[in-house]
Amino acid sequence: MKKKQHPSVFWENCAYSKITRVMKLTIAIMLFACLHVSAGGFSQEKVSLDLQSVSLKKVLSTIEKKSSFRFLYNESIVSNQPAVSIVAANEDVKSVLHKIFANTHIDYKILDNNLIVLKEGTGAEVAAEALSPNIKVTGTVTSAQGGSPLLGVSVTVKGKGIGTATDVNGNFTLNNVLETDVLVFSSVGFETLEVPVAGQATMNVVLQTSNRELDQVVVVGYGTARRRDLTGAVASIKGADLASQPVLTATQALQGKAAGVQIISSGAPNSNPAVRIRGTGSMLAGANPLYVVDGVLTDDITNINNADIVTMDVLKDASSTAIYGVRAANGVIIITTKKGRAGKMQISYDGTVGVKEAAHLVNMAGSKQYTGYINEASRYYGSTDDLVDTTLLKNGYNTDWYDAILRQALQQNNNISISGGSDKINYFLSAGYLIDNGIVKNNDFKRFTLRSNNEYKISSKLKATTLISFSNGILDDVDLSSASGNAYRATPLIPSKVNGKYGNTSTFQNVGNPVLDIDKNYNRGIDNRLQAAATLEYKITKWLTFNSNLGVDLDFYKNTQYKYQYFADSTVFIQSGGNQQQPVSTLAMTKNDANRWIWDNTLTATKKFGDHNFRLLVGTTAEKFNFNRLYGYRQGVPADQSQWYLNTGLDSTQKNNGSGDKWSRNSYIGRLNYDYKDKYLITATLRADGSSRLPSYTRWGYFPSVAAAWNISSEDFMKDNKTFDYLKLRASWGKVGNDNIPSSAFLNLATSNLQYGYLGNGIAFTNVIDPNLKWEETEEIDLGVDCSVLEKRLTGTVDLYHKKVNGALINIVPVGALGDQDNIILTNAASILNKGIELGLNWADKVGKDWSYYVNANVAFNHNEASGIPVGLADGNIAGQGFVTLSPSGQPIASYNVLKVLGVFQSQADIDNYKNKDGKVIQPNAVPGDFKYEDKNGDGAITADDRQLVGSYQPKVIYGINGGVNYKNFDLSIGTYGTSGGKIYNAKKALRDNANQLENMESDVVTNRWTTVNKTNTEPRASVTQLPASTYFVENGSFFRINNLTIGYTLPAKSLEKAKITKLRVYVAAQNLATFTKYKGFTPEFSSVTAQASALKGDPLSATNQSNLGITNAGVDANTYPTVRTWVFGLNLGF
Amino acid sequence: MKTKNIFLILIITVASIACIIAGCSKNFLDVPAQGQQTKDEVSKDPNAASNLVLGAYNALYFGGFGNTTVGLELCLTVDVASDDADKGSSPSDQQATAGKMDNFTVDANVSYLNDLWNGHYTAIARVNQALSVLNDATFDPGLKNRLIGETRFLRGYFYFNLVRLFGGVPLILRVPTIADQTNPAFVTRTSSDSVYAAIIADFQFAVDNLPLRGGPGATEGRVNKGTAEAYLAKVYLYQKNYQKAYDLTTDIMTSGKFSLVPYPYYAQVFREHSVLANGVPVGGNNNSESMFEVQAAKNNACDAISKLYSNGQGPRATKGWINVFGNYTYNGDLGFGLNTPSADLANAYEANDTRKAGTIIFVQPTGGANAGTFLWDGFRIPTQDSVQNPRYNYKAYHSPVAETVACNGPDDKDDKPKDIRLMRFADVLLINAEAAVQIGNTGAAQIALDSIRHRAGLASVPATINNIWKERRVELAMECDRFFDVIRQGRGVQVFGPLGFTANKNEVFPIPQNQIDLSGGKLKQNPGYN
């Protein structure tokens, strides 16, 4: 059992010992503390003691309390010693130590900084190595990233039990070092470095940030863990990787970086990307993960400045997320923001400036193509007249409407931060200002953020932390569905604007001029958000810690929408007439106040019994959410912005409204971590959640999980193994929930304001509800392998998972006799399965002195399938085509349900010969050039019953490859991302208005159309009517994208010294550099969340509209914001 | 040691505060629904009972092209099916729905049927919800019984429509729960006799508990004793219980609360405002012959109306129209042009019958630029070259400017606040006449029939059954009565045969296929439809 510890590996063993992570931190804290108390080298300090028959440990802690000495030891050495009695009156510490250790098997050594190291031995002070010719080595340790001095780096002499730690300026001094010794520099988060002394008296050392993940600390919810101690599937992304990308929300930068995490971002400013961790796990309760920002639970992280983030930890499997119980079914992303480090004040500035442009545009038909196509189409309807007067071509207009509404937009991001600290206080203060304008005109976004994160060490036992962040975001929105939609439909024959007057598309073809639409609608949302957390951490005893964390999230949102008055007359338009007008100005104002608080109280016990290590966490959390909306409306408000208050409008036109929401949640959490000799690890979690959203008799849910891991590489039989530096097997099982359902959905609530004539307002209970409604429950099994080979240069992770959502929410259609007014009942009737495999590989190495590089690749395969749905949930309504998606049993959620195109009828004979088995001509009204659709049910007619399921937006594979190279002062990094197997419904193409025969179409549609001389089988003849929903509109959605490319240069430190600059790096970066896809629309990556969802910001009630969630209509590309390519120049500056 | 104790105390304090605020407090998780009342809260509200009754009345607005009680789709079902009206509008418009009603090719998939089914059951559910609160409520028994009476009247009314449309239907007399989704009572049909028995019970309760029109506790616009008696009499007429029908109608006639709008003001019956006749206001909403009428109002939410009722039946343009009213220029037509009076109906009127012009808008075949048909408010319907159909329903017309303007202004055609006349005193008189003939009281029958004909400007005719039935047609034309009336008289093949009527099938409409599917096939289809 007892492993012999060779003195030479004492330090290393210490770092990797069975002492838990906390112990290690304790040491680090002690080291810091020592550095500050030691005034001048070896002390002659005196102590008084009077202890009878107490444990050695007690004696040591008493000395620590009464003096500036600190002990450093492996717990197992001290715990096995006999009881000690000692009396000392103002005695020299040295002599006291001698008395104490005389009868023990412990050697001790007093180092610089009053640090006393204990190790197994004979009970004597280790003699100074008097015989050797020793030298004094001094030096400075700095970080390769930013060049800042590093505090608390452990500096030891290899093979000897001596060492020290660096001070606030990164300086260290070691006495009695042999010229032949090797110094070992180690610090958490950095590569350990060994440097031979080789007679040098001064050693300046630069430490590289560690690419070895095993020792990185991972935030796991209500605590942290070393990666090597994890039993679940957790992916981590460092803040530096996020901050280098010119994107607004941190999740966007996560794209392609973590296996099994699909990020669907939008080009629109201030958009919160859709995130799917291990597939889509819900239809009606939201499929986005839970975010935990410094302990505060939230759904929206657009207020967080990327530059403030240290790490993002993505908890993927149920055993990891179970600690978040009923919120965790879609995975959890934990965001930790920066804190100050003890040491010299550091000031840094990071800035980028750049431009954004549409990454890809759809080429619309020009004037001649347009005119020719429509007139050709009109011939098919037996007309001899031209639908479009060809003399209009003489006007010479050939408007590209996307040109008219799009622009190159400015992006600018400035961040400044001040951080530092002492032994009592660490501080981090940052301010950021972001301008992120959209590529659609008038679509501007500005955000100011301020953060103050402070840590206060009140005593050696009590620590307080405050994290406060404020953000102010101002978004000028445009109605994309009308602007982009009309730009797609409007004729190129009409100019957008000439001499201040608009082209009148509306008189020509009943489509509004999108430029005018943008100019005459004002829509500004101002969001002020304060997010704060205060933590009190008290070490009751060495092994027991109490932690109380109070978080608040206040969101104040105000939206102003003003519609300018204008008429369809000659002062506005080149030609008057048409229906594009706003005869009366309107002002609508909405104010949403949302606030939530969350209070966690936990107790953590860490105990070791021999080789058995236990860590137990128990706690409670309570959470409350309040929401309040106020809405006001009036007409006739003057156009001057200074008059935009409701009182200036006509009071006869006033409307107001309001609504509110409130819910609370109370939870109990428990987690036990156990390991035996670091080989066998078990984590068991249980969370009990009570939610006010559910009826009292079903409101409590219990979410258990267990996970086990086996560190094979720690086994004795692996000692001689040369292949694996590290090998771990993991297995986990867990249950989690998703209670993201509208508050009180289980209650039968009255609808009020049901006016009846002038008799008054009635109320009614209009709906049948499911009184036993409950959360969705996800059960997940995960099997994983983590390994590291080739001297830790190659690390890999493989995970297999099987995730089944039971009791998934679905709307069932009741029999009419129930009299349910909305004709749907929300109930837990469906199941959703996601299963798949994830692989991640990471290679990092150095070549010579100047080169270092890394490559990581990840890929995930997922299979998604819904079941238990009797009819299928239809969504994705396209005017004129009906619902084009269906979520039925046995198919992926939001599968396209459309007619299958078999080809194009080439001749009348083709049409006549296309019969069903009874000889009935299936498409008797077709003409050559029309699509031939499959008559699936064989009834001899093409009807809605012939629709079939042809895939969904959900990719079968997602992958990312990232890499980076450092050469001397140059750095280059590249990030890529791709998906495969997903399909897209090109709804823009499908949205033709039958009543309006003059709509424009894509240039390709015109060029490739079927004609008697171009007998294609893929594109139909010219047509001015809407085609039915078919596979023609379903396109391949696979794509591969070079997401980010950054090239940087760090100026040599020496050249900056005079300017007192510690770091200066300049770089250029391109975001979304190139996309490779077959999809013909604007972008294969988009979220089909209804446009202008931002107006509903903070509104939990909006979640009741299924289309707002973008789940059951995913992949229907109707009003997609074109994705943007961003070019930036950036600067990192440190003082 | 001391500091340690202080911290321990601190922890305990913090923990116990946490406990009090969150963990241990039972109330922490009892958060009431915000902004919406639960049944418990409604029960505590002193106005709740009365409000729930209004909420049930509100179901009379169900219409548009969606769930319907007495709105547009009911007209497009029963009037279009009858010989009174054609589908109207452009040939393709509503061809698969109203078009199939018109020529009796209706099948179980015609969407109106499901809309009518759902609309009526949704209304019935509101009634049952209101009754469950009312029955438990403790307040003045007189008021309580009046409110229950009104509510039960509405339930009886909705079932009366259902049983006439579909025959026997599931009879739901309580608040449903989600478990009833598979309850046989909700997915199997109750015989039409049992449904009628429930209707009679509901109407009888209303007759016994409602005040007389204008009497203590009565409010104009809410149903009164006369309303309930009129419908009960109508049910008895359908049941051929002529004595009861006669007694009930006689009771209404002798109550003195109802009278016919005098000659020559028939058209005024269907207008919003009354006019002065010899200094006395006549006609308008809730006029002297109003027995039951959907109360409409203008409000900000545009929801105190039956959507599209007026617009759906409004004259439809084929080319642009312009009407100038004072300083307002009305640009466009009046609606979809559905449910147009048939030529057969137009021919059914005798010469000099004032009701003809009050019922039908006749479009002029030719004229000139400013010619056409001028409606009572001056609105000009151009001549036939700009108009889709030759005739339109005048009773559904609501003036865009001379009556209450729709909530979004005169251009807002969908939201016209039109009171739909569901039963008039004229019907009561004609029931009385028919019942009197059947029980041999021809004297009484003649008096009742004469009063109808004289008001129309016509001379007396003998009070025979056939004359009374003929009178019913022209008096109540385009008021959703004709189809049911002819079926009741047992003359389906005789009257509707030329239109495609099939005996033993078309007396009722098919049960919506949707509902049969949702019931898992337990709901059985009417004979002749499959």
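**Two helix pairs in chain B**

Leu449(B), Ile452(B), Arg453(B) and Arg455(B) of helix 16 of chain B touch Asn467(B), Ile468(B), Glu471(B) and Glu475(B) of helix 17 of chain B. Those contact residues comprise three nonpolar, one polar and four charged. The model is predicted. Two packed helices are described by the angle between their axes and the distance between the axes.

**Helix 16 and helix 17 of chain B**

- Helix 16 of chain B spans residues 442-455, and helix 17 of chain B spans residues 465-475.
- The two pack at an angle of about 40 degrees, and their axes lie 11 Å apart.
- Helix 16 of chain B is therefore oblique to helix 17 of chain B.
- Helix 16 of chain B and helix 17 of chain B cross in a left-handed sense.

**Helix 7 and helix 10 of chain B**

- Helix 7 of chain B covers residues 141-166, and helix 10 of chain B covers residues 225-238.
- Their packing angle is about 30 degrees, with 11 Å between the axes.
- Angles under 35 degrees count as roughly parallel, so helix 7 of chain B and helix 10 of chain B are roughly parallel to each other.
- The crossing of helix 7 of chain B with helix 10 of chain B is left-handed.
- Helix 7 of chain B contributes Phe153(B), Tyr157(B), Phe160(B) and Arg164(B) to the contact.
- Helix 10 of chain B contributes Thr227(B), Ala228(B), Tyr231(B), Lys234(B), Val235(B) and Tyr238(B).
- By class, the contact residues of helix 7 and helix 10 of chain B are seven nonpolar, one polar and two charged.

Definitions and conventions
Residues numbered from 1 in each chain as written. Chains lettered and ligands numbered in written order. Predicted model: local features only at pLDDT ≥ 70, side-chain atom pairs only at ≥ 80, totals over all residues. Heavy atoms only, no water. Axes fitted to C-alpha atoms, helices over the stretch in contact; angles between N-to-C directions. Helix = DSSP H or I, 4+ residues; strand = E, 2+ residues; numbered from the N terminus. Parallel < 35°, antiparallel > 145°, perpendicular 65-115°, else oblique. Left-handed = near helix turned anticlockwise from the far one by under 90°. Contact = heavy atoms within 4.5 Å. Nonpolar A, V, L, I, M, F, W, Y, C, P; charged D, E, K, R; others polar.
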